[in-house]
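Biologist: Please take a close look at one part of this model for me, the surroundings of the ligands, and then show me how that part relates to the rest.

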Amino acid sequence: MTTILRKHHFDLPDGVIYLDGNSLGPLPRSAAERAAHTITQEWGLELIKAWNSAGWMDLPARIGDRVAALIKAQPGSVTMGDTLSIKVYQALDAALKLRPNRKVILSDSGNFPTDLYMAQGLIDTLAKGHVLRTPPPDDVQDAINDDVAVVMLTQVDYRTGRLHDMAAITARAHAAGAVMIWDLAHSAGAVPLDIAGCAPEFAVGCTYKFLNGGPGAPAFIHIRPDIAPLVNPALAGWMGHEAPFAMDPDYRPAPSTERMRVGTPPVVQLSILDAALDVWDGVTMADIRAASIALSDLFIAKVEAGCPALRLASPRDGAQRGSQVSFHFAHGYAAIQALIDRGVIGDFRAPDIMRFGITPLYLDEDDISAAADHICDVIQTEIWRDPKYQTRARVT
Ligand SMILES: Cc1ncc(COP(=O)(O)O)c(C=O)c1O
Ligand SMILES: Nc1c(O)cccc1C(=O)C[C@H](N)C(=O)O
């Protein structure tokens, strides 16, 4: 196993054990310096020349290739920009256009709300009689049939960490003639992927979680190269045009995934992400996965031994789990607030999930053991009953 612990690459506050990198990754030390360079040296000194001289216009493709390497997609098949919600919408719209005679979008009832909302909104906009089906996650494979235009799933369940079998479901979707979209929000940088091998038509994801690109970091989208020329983008922005500066009044899409670009790239966020991705140099996803499973198993064993009041919500088998561990606890919100007060940062998802991200880049066994001890103490002492832990914040 190569050394993967890169704690020294991150600026974590003293006394904090950060178990929320599955929602917002911590600050890489190099990010602030890179942002300052982009702002003062590039924008400040080069002004508009920086689009060329600092390579700003190529950032979505160049960083797309770095993300492609982490998700094992073909070089040139990933571009960056916008939010994940937008990328879900674009992929879904393009997928439906590829199957004009089919009316069913198949997802699952546990999918992240924005994915389902995007589907509902798109169905209304298209007004062509599409329907969204959301069976329970375990039933989704059997629900794939010849009516289905597109299967749109998030591989790792945001609440429980349950992992869908990407290869099997993609193969099943293709056998039924459906288009496959994977949302990799909780997968990229968390679990080994083989997008080129599984060959879904589309994959989308965000970069502010396990990839540590910072709040509002741009999303990514992958189109399988053989179908890219067939994709007809809904948001036909000028940056997705074959020749944006030809200022052609008619839209002609760029030949590759670049057609999914919409408008001006978020240059400062992309440069921060570029710095954040340096942390991954020399790290293999296989080593990350092995460490993540070992740390998660240790965490589960310690929490279960010390606090029987918590019920495991995640799959017990590490092979069935992403890189997070969740527990049911009726007073989970207050318990998480009490933990945050002690410097152990996890989060809460309604109705009763205490959620902890396991990120081997900056967590080791000592962190995991100490966090489990704090959890057990908070539960055993019932300190969470303190009224100050009951008030719900706007963002949980
Ligand atoms: C699975 C999943 N899809 C989509 C989103 C939404 O992404 P964004 O807020 O970047 O649009 C999130 C998290 O916010 C998510 O967890
Ligand atoms: N994107 C977020 C945000 O802007 C604020 C708070 C949380 C988020 C998240 O990413 C939530 C996350 N997708 C989740 O799994 O719950």
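**Around the ligands**

Modeller: Gladly! Ligand 2 has S23, Y158, A185 and V395 around it, counting a residue if its C-beta atom, placed from the backbone, lies within 6 Å. This is a predicted model, where local features need pLDDT of at least 70 and side-chain atom pairs 80 or more, while totals for chains, interfaces and linings use all residues. Residues are numbered from 1 along each chain as its sequence is written, with chains lettered from A and ligands numbered from 1 in written order.

By class, the shell of ligand 2 holds three nonpolar residues, one polar residue and no charged ones (nonpolar: Ala, Val, Leu, Ile, Met, Phe, Trp, Tyr, Cys, Pro; charged: Asp, Glu, Lys, Arg; polar: the others, Gly among them).

A185 turns up again at ligand 1, where 13 residues form the surroundings and T83, L84, S85, F112 and A185 are the closest. That shell is made of six nonpolar, five polar and two charged residues. Two helices, α4 and α5 (113-126), each supply at least two of its residues; helices (H or I, at least four residues) and strands (E, at least two) are DSSP runs, numbered from the N terminus.

V204 is worth a stop: setting aside neighbours within four places in sequence, V204 is in contact (C-beta atoms within 7 Å) with L84, K87, V88, A91, I181, D183, L184, A219, F220 and I221.

Stepping back, the centres of the two domains, taken over C-alpha atoms, are 28 Å apart. Where they meet, 24 residues of domain 1 are in contact with 21 of domain 2. On the domain 1 side, α9 (285-306) and β10 (324-328) are the elements that give two or more residues, and that side has 10 nonpolar, 11 polar and three charged residues.

As for the whole protein, 11 helices and 13 strands are present, and 47% of the 396 residues are buried. Its C-alpha trace spans about 65 × 55 × 45 Å along the principal axes. Among contacts between residues at least 6 apart in sequence, 71% join residues at least 24 apart.

Definitions and conventions:
Two residues are in contact if their C-beta atoms, placed from the backbone, lie within 7 Å. A residue is buried if 20 or more other C-beta atoms lie within 10 Å of its own, exposed if 12 or fewer, and partly exposed in between; C-beta atoms are placed from the backbone. Domain bounds come from an automatic or database domain assignment.
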